[in-house]
Amino acid sequence: MPVDHYENFPVASILLPKRLRPAVEAIYAFARSADDLADEGDATPEQRLAALNAYEAALDRIEQGAIDHQPMFERLAQVVREYEMPLKPLYELLSAFKQDVLVSRYATYDALLDYCARSANPVGYMMLHLYGAADEENVRDSDAICTALQVINFLQDVAIDLHKERIYIPLEDLNRFAISPAALDHPSARPRWRSLMRFEVERARQLMLSGAPLALRLPGRIGFELRMVVQGGLRILDAIEAAEYDVFLHRPKLVRRDWLAIFWAAVRMKKQMKALRLARTTG
């Protein structure tokens, strides 16, 4: 699969059971291509929304049991039938992608969380559903992990998003640290920017850790895959800190030594989480 957009996070690695890879690839193809309709190329906002509406119409046909002769939707319909996959998460993704076309600022953290609940969390839910593990506790922790990953992606891509005239850091946070949206990358704002990013990084880290027990509950390959994902997100946050929060000049990108460290951290994650809980209790 073309995973260049998500080079910092595993999408469908060799850790996935072979039987699930076609399903994951079908879901990924839908989500990736829909996201590109909202973000890539030179289409007008009207053209982007029309294309996303066409995707929504295709989901309607799948829901009605109609045959769709487009290969991507045909494969997706097969996944929906074979795994009795709810269509709601797919509709939610399209809702978030449409919002990307129309919204470029988020006033509050709650507003950003609402966006993440539709742009990221549905993917975790669908993975849990494929594994037959979408109970209430697992979905709650999956939502925390997925939202954290989305927020981490925003933090590492501040400069890229700014070039697209988008800001995903809540405006209430910018105001709290006395940073003007028009001066995010201005040298005079760097001391305040570091304070802001320190706050954002720590909040994202705590959100990730709140969902991390899911990676220890799930057995086998899915558990280890998720531990790698969690540790990958935490590694990005460490890299942002190591760059003194200057993501304008030093966008974090995981390299071979990072993946080795992530693998080792995933192996030792149970001990790390136990030590963390003990530290919190005694502290």
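The model is predicted: local features need pLDDT of at least 70, side-chain atom pairs count only at pLDDT 80 or more, and totals for chains, interfaces and linings use all residues. Residues are numbered from 1 along each chain as its sequence is written, and side-chain values use heavy atoms, with hydrogens and water left out.

**Helix packing: H2 and H3**

- Helix H2 spans residues 45-63 and helix H3 residues 71-83. Helices are DSSP runs (H or I, at least four residues), numbered from the N terminus.
- The two pack at an angle of about 40 degrees, with axes 10 Å apart. Axes are lines fitted to C-alpha atoms over the stretch in contact, and angles run from 0 to 180 degrees between N-to-C directions.
- H2 passes H3 in a right-handed crossing (near helix turned clockwise from the far one by less than a right angle; anticlockwise is left-handed).
- H2 contributes Tyr55, Ala58, Leu59 and Ile62 to the contact. H3 contributes Met72, Phe73, Leu76, Ala77 and Val80. Contact means heavy atoms within 4.5 Å.

**Helix H6 and its cover**

- H6 (residues 121-130) is mostly covered, with seven of its ten residues buried. Buried means under 20% relative accessible area, exposed over 50%, partly exposed in between (1.4 Å probe, protein chains only).
- The buried set is Asn121, Pro122, Gly124, Met126, Leu128, His129 and Leu130.
- Their cover includes H1 (21-39), H3, H4 (88-102), H5 (109-119) and H7.

**Thr147**

- Thr147 is found in H7 (residues 136-156). Its relative accessible area is 6%, so Thr147 is buried.
- Beyond residues up to four places away in sequence, Thr147 touches Leu113, Cys116, Asn121 and Leu207.

**Aromatic rings**

- The whole structure holds eleven aromatic pairs. Rings of Phe, Tyr and Trp (its six-membered ring) pair if their centres lie within 6.5 Å; planes under 30 degrees apart are stacked, over 60 edge-to-face, the rest tilted.
- One of the pairs is Trp193 with Phe248, tilted, at 5.1 Å centre to centre and 45 degrees between the planes.
- This pair links distant parts of the chain, 55 residues apart: Trp193 is in H10 (residues 190-211), Phe248 in the loop between H12 (220-242) and H13 (256-267). Both residues are buried.
- Tyr106, Tyr115, Phe154 and Tyr168 form one aromatic cluster.
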